[in-house]
Amino acid sequence: RRLKNQLPPPAEQTTPVTALIEAARQLPPIQPCGIIFHVSRCGSTLVANALRTSRSVVGLSEAWPIEQLFLQNLCPEPPFSSHRRHCVLRLLLDSVVTLYGHNNRVITNPSVVIKCYTVNMACIPFIRAIWPNVPSLIVIRDPVEVMTSNISRPGGWVTIRHRPKALSRIFGWNNSGSDIPLEDYCARAIGHFFVLAKTQLDTLCRVLDYQQLTIGTIYRIAAFFNIPLTSSDFASIERIFTVYSKDPDTGKQFCRQEV
């Protein structure tokens, strides 16, 4: 976007999506070792950052290309069958995850953890069908606290309330979210996410409440995702629990309202 705004803008070359698929085919295939869903402002970033203390983990935290591929499942049906769409999206997602995973040259056998956008909660059945053997974690929090935080600093799923097409695509609503109070919009959206999540709970899909977040919990999640966290990682995880998870490099102190 920055380059396009230059005067004159540089020349562009369009690369076909087949180039991405062919590049991935040259590498050993990778599928995620775990997927993190969340309702926003509930500690999911802290969980992802803590898991990345393992030297084997490549964390894909709200990666835009992956989010867009997930959301494609919610688009109106294209001129081909839903089965073909599923196959195409799986091929593209497998390719993107493989390329991301091998992008870190230091890690030879990467464990890829995907942390989704909040709106990807609407895609849980589809995402789990793409990788049926991959464990999933749904991070939640008291809905009132989630709403309070998002009313104060609106997340992406809140800012789309003025976009009827996006609401129809993600929630199946036919009216604009701006037609109702913001508190009602947030309650309806969170309720929609929870209803979908409840249908997915099984041995490979667990729920973690914000109030349950401890260093011990991180080790249990790592075991669930088959990530080799050791006692030597304890100090790094402990530090992550003391700084603001959205910007850990600055050393800004963590407080509960900022998760």
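Axes are lines fitted to C-alpha atoms, for helices over the stretch in contact, and angles run from 0 to 180 degrees between N-to-C directions. Helices (H or I, at least four residues) and strands (E, at least two) are DSSP runs, numbered from the N terminus.

Ground rules next. This is a predicted model, where local features need pLDDT of at least 70 and side-chain atom pairs count only at pLDDT 80 or more, while totals for chains, interfaces and linings use all residues. Residues are numbered from 1 along each chain as its sequence is written, and side-chain values use heavy atoms, with hydrogens and water left out.

**Confidence**

I checked pLDDT, the predictor's confidence in each residue, from 0 to 100. The protein chain averages 89, with 92% of its residues at 70 or more.

I followed the strands across: 5 of them form an open sheet, ordered S2-S3-S1-S4-S5, with parallel pairing (two strands pair if DSSP finds at least two bridges between them). S2 (57-61) and S5 (205-209) are the edge strands, each pairing on one side only. From one strand to the next, the twist averages 20°. I also looked at S2 and S3 (residues 111-115), which run parallel and are joined by 5 bridges. Gly 59 has Val 113 in S3 as its bridge partner.

**Helix pairs**

I started with H3 (64-72) and H4 (residues 82-103), which pack at about 170° with their axes 10 Å apart. H3 and H4 are therefore roughly antiparallel. On the H3 side I found Pro 65, Ile 66, Leu 69, Phe 70 and Gln 72, which meet H4 residues including Arg 85, Leu 89 and Tyr 100. This contact divides into 10 nonpolar, 1 polar and 1 charged residues. For those classes, Ala, Val, Leu, Ile, Met, Phe, Trp, Tyr, Cys and Pro count as nonpolar, Asp, Glu, Lys and Arg as charged, and the others, Gly among them, as polar.

Next I took H2 (residues 44-51) and H10, whose axes come within 10 Å and cross at roughly 70°. H2 and H10 are therefore roughly perpendicular. Leu 46, Val 47, Ala 50 and Leu 51 of H2 make the contact with Ile 218, Ile 221 and Ala 222 of H10. I noted 7 nonpolar residues there, no polar and no charged. H10 (residues 215-224) also lies across S4 (136-140) and S5, running at about 170° to S5.

Last pair: H6 (residues 143-152) and H9 (residues 182-198) pack at about 130°, with axes 10 Å apart. That makes H6 oblique to H9. Their contact includes Val 146 and Met 147 of H6 and Glu 183 and Phe 194 of H9. By class I got 9 nonpolar, no polar and 1 charged.

Where is the cis peptide bond? I found that it joins Leu 7 and Pro 8, with omega about -10°. Pro 8 lies in the segment before helix H1 (17-25). Glu 62 is not a glycine, yet has a positive phi of about 50°. I placed Glu 62 in the loop between S2 and H3.

Conventions
Contact = heavy atoms within 4.5 Å. Parallel < 35°, antiparallel > 145°, perpendicular 65-115°, else oblique.
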